[in-house]
Amino acid sequence: MIPAVVPCTDRALWDESVDMFKGHPQQLWGWGETKAMHGWSVDRVLLKDGDTTIGGAQLLIRQLPFPFRALVYIPRGPLCAVEHTQAVLNSLAGHAASRHHGVALSIEPDWDRDSAYAGAVAGAGFRESANTVLIPRTLILDLTRTDDELMADMSKSTRANIRKAMRSDIEFRKVKTDSELEQVLAIYHETAERAGFGIHEDQYYRDIFRNLGDGSPVIGAFDGEQMLAFVWLARSGTTAFELYGGVSAEGQKQRVNYGVKWAALQAMREDGCSRYDFNGLLNDGISDFKKQFAKHEDMLLGTWEKPLSPLYPAYARAMPLARKGLQTARRLVKSAAGRARGLLRRG
């Protein structure tokens, strides 16, 4: 069976298809719209066996320097049942080569490393890659469990901090207005500077908020009109995925970051999600905080690439060096911006 690749230009149909396959929120139409506004092209296709849809993928295309032409990337996709994986991937690779002249098709599926999907991916000619965008080591909570079951897997101090926060006068609710979103961005800048990680320009986050709409809820902790902490998510029918989080200095003192995380779990369950993905674990303080919410870790399949061009070996050597250079440049820019903000505050 060679599935037909059929473009999809209908937002409602596309998002319905994502949910039909229990797909990830980074496959939703609004996520692609945001990426299209920030350096990528988007191609959404359904895979058909006759009249039956057996898969789909939102492809992101990044133009590369000559002679590599383009990279085609599928974040947390494709969408398909395990028995159709190899056929779907073969059709997508052919489409990426012929339609987009890709040097490689890179995928980071929302599939467990020890699942049957792994063999099908390798069987379709993909190879594991170190060019990772989305970290495969993560923590995924089962939201079909009761509150008591979820809390039983947390540390004793985490449970205590959650209960204290929920008994306080802090209000935990979804962000509703543009002015509240600006408070989110201010706290995120503060958090990034304190923790030492890079962030996008503010417009990128505003575009996510607008393009995903209800698919991108932000849960805030409010003391009156003042926000103290937030958790920003993307959600599909089944999966809630943490995008960003932050806490102010005052919020840290009150430990409301524990309460807002718990409020986010509750809100996503109420919205119908059954999985809550904390979005990656590293060896840092933020990951140490995440790991207080469960006793286990999850390992997804990781990053896999299929070469589509004779130039792939050169691309595979060049890409890590290019990424390293870009990361260095971003650190320099961030450092300069931090110094500038300090001078403005002193001025």
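Which residues in α7 are buried? In this predicted model, the buried positions of α7 are Glu 180, Leu 181, Val 184, Leu 185, Ile 187, Tyr 188, Thr 191 and Ala 192. An α-helix has 3.6 residues a turn, so residues three or four places apart point the same way.

**Helix α7**

- Helix α7 covers residues 178-195, 18 residues in total, and spans 25 Å from its first C-alpha to its last, which is close to the 26 Å expected at 1.5 Å a residue.
- After α7 comes Gly 196, a residue with a positive phi near 80°.

**The sheet and its pairing**

- An open sheet with mixed pairing is formed by 6 strands, whose order is β9-β14-β13-β12-β11-β10.
- At its edges lie β9 (140-142) and β10 (171-174), each of which pairs on one side only, and neighbouring strands of the sheet are turned by 25° against each other on average, direction ignored.
- Strands β12 (residues 226-235) and β13 (residues 239-247) pair in the antiparallel sense over 7 bridges, and the two form a hairpin with 3 residues between them.
- Within this pairing, Phe 230 stands opposite Gly 246 in β13, and Leu 233 stands opposite Glu 242 in β13.
- Strand β13 also pairs with strand β14 (residues 275-277), here in the parallel sense and over 3 bridges.
- Of the 9 residues of β13, 8 are buried, so the strand is largely enclosed by the rest of the structure.

- Thr 239 belongs to strand β13 and counts as buried because its relative accessibility is 0%, with buried meaning under 20%.
- Arg 275 in β14 is the bridge partner of Thr 239, and the side chains of these two residues also make a polar contact at 2.8 Å.
- Asp 110, which is found in the loop between β6 (102-108) and α4 (117-123), is likewise buried, with a relative accessible area of 17%.
- The side chain of Asp 110 makes a polar contact with the side chain of Arg 275 at 2.9 Å, so that Arg 275 has polar side-chain contacts with both Thr 239 and Asp 110.
- Leaving aside neighbours within four places in sequence, Thr 239 is in contact with Gly 23, His 24, Pro 25, Asp 110, Ala 234, Cys 273 and Arg 275.
- Not counting residues up to four places away in sequence, Asp 110 touches His 24, Arg 76, Gly 77, Thr 239, Arg 275 and Leu 300.

**Crossing of α6 and α10**

- The axes of helix α6 (residues 156-167) and helix α10 (residues 256-270) come within 8 Å and cross at roughly 85°, which makes α6 roughly perpendicular to α10.
- Where the two helices meet, Thr 158, Asn 161, Ile 162, Ala 165 and Met 166 belong to α6, and Tyr 258, Gly 259 and Trp 262 belong to α10.

**Backbone features**

- Most residues other than glycine have a negative phi, and most peptide bonds are trans.
- The peptide bond from Phe 66 to Pro 67 is cis, with omega near 10°, and Pro 67 lies in the loop between β3 (52-63) and β4 (70-75).
- A cis peptide bond also joins Gly 77 and Pro 78, with omega about 10°, and Pro 78 is found in the loop between β4 and β5 (79-80).
- Arg 76, in the loop between β4 and β5, has a positive phi near 50° and is buried, with a relative accessible area of 4%.
- Arg 255, in the loop between α9 (249-254) and α10, has a positive phi near 55° and counts as partly exposed at 42% relative accessibility.

**Ser 98**

- Ser 98 is found in helix α3 (residues 85-100) and is exposed, with a relative accessible area of 53%.
- The side chain of Ser 98 reaches the backbone oxygen of Gly 94 at 3.0 Å.
- The C-alpha atoms of Ser 98 and Leu 308 are separated by 9.5 Å, although the two residues are 210 residues apart along the chain.

Methods
Residues are numbered from 1 along each chain as its sequence is written. This is a predicted model: local features need pLDDT of at least 70, side-chain atom pairs count only at pLDDT 80 or more; totals for chains, interfaces and linings use all residues. Side-chain values use heavy atoms; hydrogens and water are left out. Helices (H or I, at least four residues) and strands (E, at least two) are DSSP runs, numbered from the N terminus. The expected span of a helix is 1.5 Å times one less than its number of residues. Buried means under 20% relative accessible area, exposed over 50%, partly exposed in between (1.4 Å probe, protein chains only). A polar contact is a pair of N or O atoms within 3.5 Å; within protein, one must be able to donate a hydrogen and the other to accept it, and residues adjacent in sequence count only if both atoms are side-chain atoms. Two strands pair if DSSP finds at least two bridges between them. Axes are lines fitted to C-alpha atoms, for helices over the stretch in contact, and angles run from 0 to 180 degrees between N-to-C directions. Angles under 35 degrees count as roughly parallel, over 145 as roughly antiparallel, 65 to 115 as roughly perpendicular and the rest as oblique. Contact means heavy atoms within 4.5 Å.
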